Amino acid sequence: MNTDVGLSARLDRISTDGRYLIVPMDHGITLGPVTGLVDIESTIDGITRGGADAVLTHKGTAPRVHPNKNGKGYIVHVNGSTDIGPDENDKRLTGSVEDALRVGADAVSFHINVGSDYEPDQMTQLADLCSRAADFSVPVLAMSYARGPGIDEQDPEALAHAVRLAEEVGADVVKTAYSGDAESFGRVVEATRLPVVIAGGSRGTDRETVEMVRGTMDAGAAGVSMGRSIFQHENPEAITRAVSAVIHDDADVDTALERAGLGIEA
Ligand SMILES: CC(=O)[C@@H](O)[C@H](O)C[C@H](N)C(=O)O
Ligand SMILES: O=CC(=O)COP(=O)(O)O
């Protein structure tokens with residue numbers, strides 16, 4: 001049992017009954033002001049009305065988050081890189097636990113590319129972040145990807161290694177890529193006692209998005225930290241509603257799409 005009341009209270013602010021529907025919008029550093037992030041205010045309003053438990057941004061956008069998040073949770077991401085810089089895998093620190101607390105966050109998150117040239121530095125930084133966050137009972141979401149030369153980013157064994165690393169250094173929740181099917185992702189989930197959530201990757205059809213979420217939950221995962229599939233949707237509130245139906249109400253794919261008013265043929 002978790003006896004850290006502060007940690008439990010903050011985890012409850014970014015989840016519902018242990019299930020997580022987080023929408024990360026840290027891509028403004030990675031990709032720039034892409035669709036859905038220019039008017040981030042209305043995107044955040046829509047996805048939090050649609051059932052997101054928490055949104056995630058870098059600290060600088062905090063003033064645009066709070067007035068629009070409808071009382072939901074807030075996570076501050078503390079490292080980044082751009083897709084036009086020398087190496088996107090080389091994420092550098094952009095903030096601290098103290099920065100996150102100053103701007104009203106309930107949790108912090110950090111991206112590590114396990115298998116990249118930058119893994120040693122990122123692992124040390126993540127371990128230090130976990131120690132500092134523990135001083136304040138602040139949860140750490142580790143975005144632990146298998147990325148680097150010669151690495152298959154969806155290989156279940158590599159993903160299992162990545163999620164286990166996150167537990168070993170002290171994270172509270174771990175996000176990784178989906179391996180593509182529920183059976184293989186079950187092996188990733190079994191590799192750690194942490195709640196596991198998936199990234200969505202680049203946007204697919206509505207059905208592909210919801211099927212991925214269904215497979216993730218069938219594998220025993222705790223939810224999603226899904227960005228582009230949600231915030232680049234023409235109706236972020238509707239797609240969030242569909243994803244929420246699977247995560248929070250255990251809906252099947254057709255029911256989730258219908259309940260959200262999205263075509264089941266999509
Ligand atoms: C844009 C991507 O490929 C994403 O998977 C990012 O790497 C996710 C990440 N947190 C980021 O935006 O840096
Ligand atoms: O921070 C980024 C993520 O957590 C994943 O974003 P995606 O757009 O769903 O891959």
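Where does ligand 1 sit? I looked this up before anything else. Ligand 1 sits in the largest pocket. I note that the model is predicted.

**Entry: ligand 1**

I listed the surroundings of ligand 1. The residues around it are Asp26, Thr30, Lys91, His111, Met143, Tyr145, Arg147 and Arg228. A nitrogen atom of ligand 1 is 2.8 Å from an N or O atom in the Asp26 side chain. For His111, a side-chain N or O atom is 3.4 Å from a nitrogen atom of ligand 1. With Arg147, the ligand 1 atom is an oxygen, and the distance to a side-chain N or O atom is 2.8 Å. On its own, ligand 1 has 340 Å² of accessible area, and the protein covers 90% of this.

**Entry: ligand 2**

I asked how many residues surround ligand 2. I found 13, and the closest are Asp26, Lys175, Gly200, Gly227 and Arg228. Ligand 2 also sits in the largest pocket. A polar side-chain atom of Asp26 lies 2.6 Å from an oxygen atom of the ligand. For His27, the corresponding distance is 2.9 Å. For Ser225, it is 3.2 Å. Taken alone, ligand 2 exposes 300 Å², and the protein buries 95% of that. I marked Asp26 in my notes, as it has a side-chain contact listed with ligand 1 and another with ligand 2.

**Entry: Ser225**

I followed Ser225 back into the fold. It is found in strand E10, residues 223-225. Is Ser225 buried or exposed? Its relative accessibility is 1%, so it counts as buried. I then looked for what it touches beyond four places in sequence. The contacts are Ile22, Pro24, Met143, Lys175, Val197, Ile198, Ala199 and Gly200. Met143 is among the residues around ligand 1, and Lys175 is one of the closest to ligand 2.

**Entry: helix H8**

I moved to helix H8, residues 182-190. Which of its residues are buried? I noted Ser184, Phe185, Gly186, Val188 and Val189. The cover over these buried residues includes helix H7 (156-168), strand E8 (173-176), strand E9 (196-198) and helix H9 (206-218). I also checked the start of H8. There, a side-chain oxygen of Asp181 reaches to within 3.2 Å of the backbone nitrogen of Glu183.

**Entry: Ser244**

I looked up Ser244 next. It is found in helix H11, residues 236-249. Its relative accessible area is 10%, so Ser244 is buried. Leaving out residues up to four places away in sequence, it touches Leu21, Gly50, Gly51 and Asp249.

**Entry: positive phi**

I ended with backbone angles. Most residues other than glycine have a negative phi. I wrote down two residues with a positive value.

Ser137 has a phi near 55 degrees, and it is not a glycine. It is found in the loop between helix H6 (119-135) and strand E7 (140-146). With a relative accessible area of 16%, Ser137 is buried, because the cut-off is under 20%.

Asp250 has a phi of about 60 degrees, also positive, and is not a glycine. It lies in the loop between H11 and helix H12 (253-259). How accessible is Asp250: buried, partly exposed or exposed? At 47% relative accessibility, I recorded it as partly exposed.

Notes. Residues numbered from 1 in each chain as written. Chains lettered and ligands numbered in written order. Predicted model: local features only at pLDDT ≥ 70, side-chain atom pairs only at ≥ 80, totals over all residues. Heavy atoms only, no water. Helix = DSSP H or I, 4+ residues; strand = E, 2+ residues; numbered from the N terminus. Buried < 20%, exposed > 50% of the residue type's maximum accessible area, 1.4 Å probe, protein only. Contact = heavy atoms within 4.5 Å. Near = heavy atom within 4 Å. Polar contact = N/O pair within 3.5 Å; in protein donor to acceptor, adjacent residues only side chain to side chain. Areas by Shrake-Rupley, 256 points an atom, 1.4 Å probe, with all protein chains shown as cover. 1 Å grid on protein atoms, 1.4 Å probe; cavity = no way out; pocket = protein on both sides within 12 Å on 5 of 7 lines; lining within 4 Å. Sits in = over half its atoms within 2 Å of the grid points.
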